[in-house]
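Please look over the sequence and the model shown here. The paragraphs below go through a pair of helices and then a pocket.

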Amino acid sequence: MTAHYEVKVGACLYGLDPRLESAIPGIAECYERLTGRRCVFTSGRDGAHSAKSLHYHGRALDIRTTAAGVPGTTANVLAKGLRELLGP
């Protein structure tokens with residue numbers, strides 16, 4: 001299965017850590033498989049995050065859940081699946 005994904009207008013996904021960048025297709029596939037929806041990346045190296053956020057080092061991504069109507073229980077399953085995919 002080839003997962004498709006979108007990037008929110010203004011989200012910056014360039015300059016990511018190569019490990020995270022190479023994981024994007026797997027993240028999108030996991031999201032689509034568990035939610036039945038297309039993954040939308042809403043933030044990478046952009047936005048307002050805490051001073052020590054990994055976003056500023058290209059080591060964190062945000063994905064849309066609440067606004068996409070993903071129920072909390074599904075979001076929890078998704079978080080677990082992504083942890084398994086990405087590892088420590």
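At roughly what angle do the axes of H1 and H2 cross? This is a predicted model, in which local features need pLDDT of at least 70 and side-chain atom pairs count only at pLDDT 80 or more, while totals for chains, interfaces and linings use all residues. Residues are numbered from 1 along each chain as its sequence is written, and side-chain values use heavy atoms, with hydrogens and water left out.

Helix H1 covers 18-35 and helix H2 covers 72-86; helices are DSSP runs of H or I with at least four residues, numbered from the N terminus. Their axes cross at roughly 150 degrees and come within 10 Å. Axes here are lines fitted to C-alpha atoms over the stretch in contact, with angles running from 0 to 180 degrees between N-to-C directions. H1 is therefore roughly antiparallel to H2, a term for angles over 145 degrees.

In the contact (heavy atoms within 4.5 Å), H1 contributes residues including Ala-23, Gly-26 and Ile-27, and H2 contributes residues including Leu-78, Gly-81 and Leu-82. The contact residues divide into 10 nonpolar, 4 polar and no charged; Gly counts as polar, and Ala, Leu and Ile count among the nonpolar.

The largest pocket holds about 490 Å³ of space. A pocket is an open set of points on a 1 Å grid where a 1.4 Å probe fits, with protein on both sides within 12 Å along at least five of seven lines; lining residues have an atom within 4 Å of a point. The volume is the space filled by probe spheres set on the points. Of its 15 lining residues, Leu-20, Arg-59, Ala-60, Leu-86 and Gly-87 are the closest to the centre. H1 supplies the largest share of the lining, 4 residues.

Notes:
Helix = DSSP H or I, 4+ residues; strand = E, 2+ residues; numbered from the N terminus. Parallel < 35°, antiparallel > 145°, perpendicular 65-115°, else oblique.
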